[in-house]
Amino acid sequence: MATSVITGTAKAGTSVSLRDVTRAFGQVRALDGMSLEIAPGELVALLGPSGCGKTTALRIVAGFEHADSGQVLVDGKDVSGVPAARRDMGMVFQSYSLFPNMSALDNVGFGLRMRKMGGAGRKGRALELLEMVGLADKARQYPHQLSGGQQQRVALARALAIEPRVLLLDEPLSALDAQVRVQLREQIRSLQQRLGTTTLFVTHDQEEALSMADRVGVMRAGNLEQVAGPAELYARPATAFVAEFVGTMNRVPAELAADGTVTALGTSVPVAAVKEGAATDAAPGPVDVLVRPEGLSLAAAEGGNGIVAGRTFLGAVTRVSVLLSGDAEVRVDVPSTAAAALAPGASVQVSLPPAAVLIAPRRGAGEAATVPVG
Amino acid sequence: MAPVSRAVTRPMTSPGAAKVPRRRAPVAVWRWVILLLAGAYFILPLATAQRFAGLSSFSSVFTQPGFAASLWLSAQLAIMTTLITLVLMVPTTIYVHLRLPRLRRVLEGITILPIVIPPIVLILGVLQVAPLWLKASQWLLGLEYVILAMPFAYRAIDAGLRALDLKTLTEAASSLGAGWVTTLWRVLLPNLGTALMSATILIVALVLGEFTMASLDLWVTFPVWIVQFDQLDAQMSVGASLFALYATWVILLAITLVGTRQARRTGRGEVTLFTATRIQTTVSES
Amino acid sequence: MGAYIALGLLIPLVAIVAGAFQDSATGAFTGANVSIALHGTYLTGFEQSLLLSLIASVIPGVLGLLIAYAIFTSRASALRQVVITVSGVFANFGGVPLAFLFVSSLGSSGLITGWLSDAGLRIYDHGFSLYTLSGVALVYMYFQIPLMVLVILPALEGLRPSWREAAENLGARGWQYWRHVGGPVLLPSFLGCVLLLFGSALSAYATAEALTSGTIPLTSIQIGSFLNGNVIAGQENVGKALGFGMVVIIAAVMGLYVLLQRRAAKWLR
C-alpha cells in the first residue's frame, strides 16, 4: 500500500482493465479486441511502432475517444459512460499542453480549482508539487519562459496535483532532448513509485519502456503481442516481431532436427522453451535461429564462415556486422579493444555458444512476422 | 504455440457497444444554425438584386458604351500594379530575410503604413503633389495602387519565404556556382510560386474593386464605369454590379485552380487564398 | 523600395500634414484649419464616423468569431475551404456595387421591402432606413463579417487541442475551459481584429457615398467633397486637416493593434 505524500493517508491503488476493446477509424482498425489488466500501483508501458494503436488505447482509457466495443473498467466499474472530466485521471500530453495564459503555479492548481479548492490551499499544494518536480523557483513563470523539459515537469505536477486514481502518459518525453529525456525518465519513475499511482505509459522508444516499466505491452496493428516484464521480454520474446522490435535480434538460417536440437553455424544446440512447460511443436526442417548480438561469439580465423562487413563503435562494445556464406548478415557485439583488430574484409568465424536458443519459422519473402516463436 | 497476448482469462460479456455521452449533437446543430443564418444574410441581397436586375441586363452590359474601355483600363492597371509590386517587393523581401534579419520588423512596419492612410486621404495628398504630366495620365493610379497593394503582397511573400528554408537553398545554389540573379530566377521564384500566386490574386482583386481613388482622380476604371448608370437605369446598375461580382469570382477561382494544380505538381500544397489578408506583426523569431 | 514608398506615400502624407496647417490663401502657418475641422458639421462628422465604425466593428467582430468558430470545429475541410474562399471574395466586395445590391433589396423601393410591405410589415414606417447610420452599418457588415472570419481563423487555429483536452482531463466543463483558458488566450487576438475592423470601417468611402450621397455627415465623405470642389472659399485646406485627423486616429488604432498582436503571438506560438 503506497502512501500519498500529500495527504499522508494510506491509499489503495486502482486497477484498470481493458476488455476486448475495439476501435476503428473508417476502414482502419486502430484497436482490434485488445485486452489488458493493470494491477494497482503498477506502471505498464505500451510499446510499439506508430500506428499500432497504443495512443488510441490510452485516449480511450482517458475518455477522449470512445471504444466501438469492449469495456474499460476502473476498480471493477465500467467507466465507458463517464465523461473525461469526471474520470479522475491525470494525463500528461506529448507537448505544449500547459495553458499559456497561466503561470506554472496556476497551471498546477487548475485541477484543484476545478475541484473547488480554496485559493490558499490550492497555492500550497501546487507549490508542494512543484517542489516535488524540482521547479518551485519557477512557480511564477509562464510556459513560454520555460524549456521543454521544464514544461513537461510542470505538466506532470499538474496531473499529479489532483491525486488521480490513474496516471496516463502519452509519449511525454518524445519531444525532448536525449539528455533531458533520461533525467526526466528517472524522475517520473521515482515519483510514480513514491506515490504508488497506477500508471499507463505510451511510447515508441523501447529503451524508455524497458527502463521504466514494471511490465511492457508490445503492440502491433491494434493488438498486444506480448505483455511481460522487461527482462522476460528481452530474453524470451513471444513472437518474432517482439524479438526484433525489442533490442537487436539476428536471424541465422538453421536446420531443426527431429530430436529437438537445431543446427546453425556449425553447432547443434537445444531449442529454448519460451514458457515453462510449453511444448515445441515446430516441424523438423529449415528454421531461423533468433539470437542477440551479445549471444554470438566472434573470432578472427582464416577460412572462417564469414567476412567482416563493417564496424559500429558503441562505447564499451563494438557491433561488428558479418556477412555469412549464403548472404545472411549478422551483428555481433565484441569488446571494443578486440574489435580494433577486425578490419572490414577480414575472415572470421562466428559461432553459437552451447546454450538453448529461440527459433522461428524460416522467413521467406512476404511472410508475416507475427509467428509464434517456440 | 499461441502467441502470448491475452492476459485475460474471463470470457467477454459486454452487451452491445460501449455507451458514450452524445456530446457532439448540440454543437453540430448550433453550427449549422449559425452558418444558415449567415448564409441567408449574404445570399438574400444577392438573390434579390439578381431578381431586380433580371437576366436581360446582363447581356446588355456588354453592349453599353464604355464597357470595353473601362474594363481594359482596369486590366492594364491590374497588370501594371502586379508587375511593379512583385518586382519591387520580392527581391527586397528576400534580401532582408537573408542579409538583414533585424530589419524584418522595420520592413513589416513600413508595409503597414499604407493601411494607416486611407485611400481617400491618400488621393487627396497625391493630387496635391503630383506633377501635372503625371496627373494627366492614368499611370498615376497604377503607381498609387502599388502602395495600396503593399501590405497584402508583403504578407503573402513573407509567408511563402518562411515556408522555404531560404538560407539553405541560397547557400546550396551558390556552392554550385549560381550568381544572385540566377538563384533568384531559377531557384527561389519557382519555389515561391504559391506565394506569388496569392499575392497576384490579392492585387488583382484590389485593383478591380478600387473605386475611391479612381473616381476622385477622374479616371473611368471598371468600378467607376458601373456607377455611371446610377442615374440612367437602376436595373442596369445592379446588373453591372452583379456582373462585376461574378466576374471577379470567376477570375479568382480560375487563378486559384491554376495555382493549385501547379502547386500540387511541385508538392507545395494548395493555394491558400486570402489568408494573407491578415496583417500581423509577430514576435521576431530569432 | 524605400524610395518608392517615400515618393508614393510619404510625400503625399507630408503634403497633407503641411496643408492642414497652412492658410490656403497666404500659405502661412495657421491652426485655423484644424480648428474648423474640429467643430460644427466636421465635428459631427467625426462623431458619426466613430460611432459607425464602432457599431460596424464590434457587432461583425462577434458574429465573425461565431462563424469562424462554427467552421473551425467542423471536421469537413471542404466546408472550411469554401467558407474561407467565399469570405475572401466578400471581404473585398464593397463600394458602389454593394450599395446597389442593398438598395435594390432593402431600399425604400427595394424588392424585400416590397414583399414585407405586401405581408403587412412596412419597415420604413417603423423607423428602419437604409440611408441612416444603422442602415449603413448593416451594409458594412457585408464585408466586415467576412474580414473578421479571415483574420480570426489563424488565431482560432492557434488554440491547441491539447489545452482543451488537458482542461477536460483536469475536470473542466466546456464553459470552464473557455472562461479560464480559451477566452483569455483568444482575447488579445479578438480585440486586435476588432480594431482592424474599426480602421477598415473608418476608412470606407465608396459604400457610404453611394448610399447616402452626403446626407449623413461622415468624415471620409466630407473629405471627398473637398476634392469635388464643394468648398467654401478660404477653407480649402480644411479637407487636409480632416485627412490629418483621420490619419492620427487610425495610426493610434493600428498601434494598439500591433501591441495586441504581439501579446497574442507570445501565447499562441
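User: Which residue is the bridge partner of A:Arg311 in S19(A)?
Analyst: A:Val320 is the partner of A:Arg311. The model is predicted, so local features need pLDDT of at least 70, side-chain atom pairs count only at pLDDT 80 or more, and totals for chains, interfaces and linings use all residues. Residues are numbered from 1 along each chain as its sequence is written, with chains lettered from A and ligands numbered from 1 in the order in which they are written.

User: What makes S18 and S19 of chain A a strand pair?
Analyst: Pairing takes at least two bridges found by DSSP. S18(A) (residues 306–313) and S19(A) (residues 317–324) have 7 bridges and run antiparallel. They therefore pair. Strands here are DSSP runs (E, at least two residues), numbered from the N terminus.

User: Where does the hairpin of S18(A) and S19(A) take a positive phi?
Analyst: At A:Gly315, near 110°. The hairpin has 3 residues between the strands.

User: Why are S15 and S22 of chain A called edge strands?
Analyst: The open sheet has 5 strands in the order S15-S14-S13-S16-S22, with antiparallel pairing. S15 (267–270) and S22 (358–361) each pair on one side only. S14(A) (residues 261–264) joins S15(A) over 4 bridges, with A:Val262 opposite A:Val269.
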